[in-house]
Amino acid sequence: NQFGFVWNGKVIADKLFFLSNFEGTRDTKTFQGTANVAPTPWRTGDFSGQAAMIFDPDTRVFQTTNGVERAVSAMPFPGNRIPMNRLHPIYGKLLEFYPEATRTGQDIVQNYVRQRKRPLNSDQFTQRFDFNESSKSAWFGRFSVADDFERRIEAFPQQEGGVQVKVWQVMAANTRTLAPNIVNETRFGYNRFDNDLILRYAYERDVTKELGIRGLVSPSTNAWGTPAIQLGSGLSGFGESGNGPWIYRNRTMQFLNNTSVILGKHTLRFGVESRRDIYNAQGNTVARGRFYYQGLLSIAPGGRAQAANLWADFAL
């Protein structure tokens with residue numbers, strides 16, 4: 001949907017005029033997204049439907065050879081179920097940010113489906129005034145503002161942030177006839193550009209602090225969110241991207257003065273320009289932490305004949 005208006009007219013006859021303009025856009029697309037998530041029984045430590053055995057790391061037997069201690073054996077969990085009291089407490093907190101499968105069964109391939117909406121909204125407004133001071137002097141001024149937002153499409157709703165862009169511009173100018181052959185132009189402008197790539201819980205919820213993971217510090221408010229959990233073995237990772245947010249605050253101020261002189265067949269133009277640019281950027285890489293799992297905790301020591309279940313490692 002696109003809508004807006006233009007309105008213009010006079011405030012003082014032959015002296016002061018105005019023009020107002022607004023335009024808005026609302027564009028929403030819907031995409032079907034799929035992901036591979038842990039089956040519902042896995043969330044409670046129940047791997048009884050899996051052929052791969054889950055071994056208890058607390059039952060490992062170690063053997064020292066040539067001064068090097070190695071694990072040589074371990075006992076599997078009875079019934080291939082990890083007891084609830086053995087599931088890590090932070091694992092339980094992180095499950096809030098990992099949706100359950102939308103399809104039952106042990107097959108993890110595209111067992112999560114959702115309709116993902118991607119809104120793209122923008123608004124812009126401009127106000128201009130023109131003032132005829134005299135036959136030798138004319139002024140105009142303009143104020144413009146624009147606001148755009150686009151949601152980032154991710155696998156899970158708990159991951160979706162967005163890109164917010166806000167722009168302000170102010171400008172004033174005067175054109176003055178100093179003599180029949182001399183014209184002076186003066187302009188002043190100021191631009192403000194804010195561009196924020198933020199994540200789902202920015203400014204809202206300090207998940208890192210809630211989890212209490214040792215070694216992770218609470219980031220700045222614009223970087224609040226969940227750690228990135230990389231699972232592998234066909235499972236879609238979750239949590240927020242390790243990178244971001246990226247915040248830009250750019251400012252430009254400009255002053256310009258030109259004078260034109262007509263001398264017979266020649267025109268001379270000279271002047272001065274002053275411009276100040278300010279570029280402020282703030283970025284975070286892995287501000288909330290990133291965790292990988294290799295399956296080394298829950299497999300049988302001394303042999304890797306079977307593929308590891310990385311979700312079991314994560315749960316433990």
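Which class of exposure does Arg 81 have, buried, partly exposed or exposed? Arg 81 counts as partly exposed, at 42% relative accessibility (buried means under 20% relative accessible area, exposed over 50%, and partly exposed in between, with a 1.4 Å probe and protein chains only). The model shown is predicted; local features need pLDDT of at least 70, side-chain atom pairs count only at pLDDT 80 or more, and totals for chains, interfaces and linings use all residues. Residues are numbered from 1 along each chain as its sequence is written, and side-chain values use heavy atoms, with hydrogens and water left out.

**View 1. The salt bridge of Asp 46 and Arg 81.** The closest N and O atoms of this pair are 3.4 Å apart (a salt bridge is a side-chain nitrogen of Lys or Arg within 4 Å of a carboxyl oxygen of Asp or Glu). Asp 46 lies in the loop between helix H1 (40-43) and strand E3 (61-65), and Arg 81 in the loop between strand E4 (68-73) and H2, so the pair ties together parts that are 35 residues apart in sequence. Helices (H or I, at least four residues) and strands (E, at least two) are DSSP runs, numbered from the N terminus. Asp 46 is buried, at 18% relative accessible area.

**View 2. The salt bridge of Asp 58 and Arg 86.** The N to O distance is 3.1 Å. Asp 58 is in the loop between H1 and E3 and Arg 86 in the loop between E4 and H2, 28 residues apart. Asp 58 is exposed, at 62% relative accessibility, whereas Arg 86 is partly exposed, at 23%.

**View 3. The salt bridge of Arg 269 and Glu 185.** Here the closest N and O atoms are 3.8 Å apart. The pair links strand E11 (residues 266-285), which holds Arg 269, with strand E8, which holds Glu 185, 84 residues away. Arg 269 is exposed, with a relative accessible area of 55%, and Glu 185 is buried, with 18%.

**View 4. The largest pocket and its lining.** A pocket is an open set of points on a 1 Å grid over the protein atoms alone, where a 1.4 Å probe fits, with protein on both sides within 12 Å along at least five of seven lines; lining residues have an atom within 4 Å of a point. The space in the largest pocket is about 200 Å³, a volume being the space filled by probe spheres set on the points, which are joined across faces, edges and corners. Among the lining residues are His 88, Tyr 91, Phe 291 and Asp 313. Helix H2 (89-94) and helix H4 (310-315) each supply at least two lining residues.
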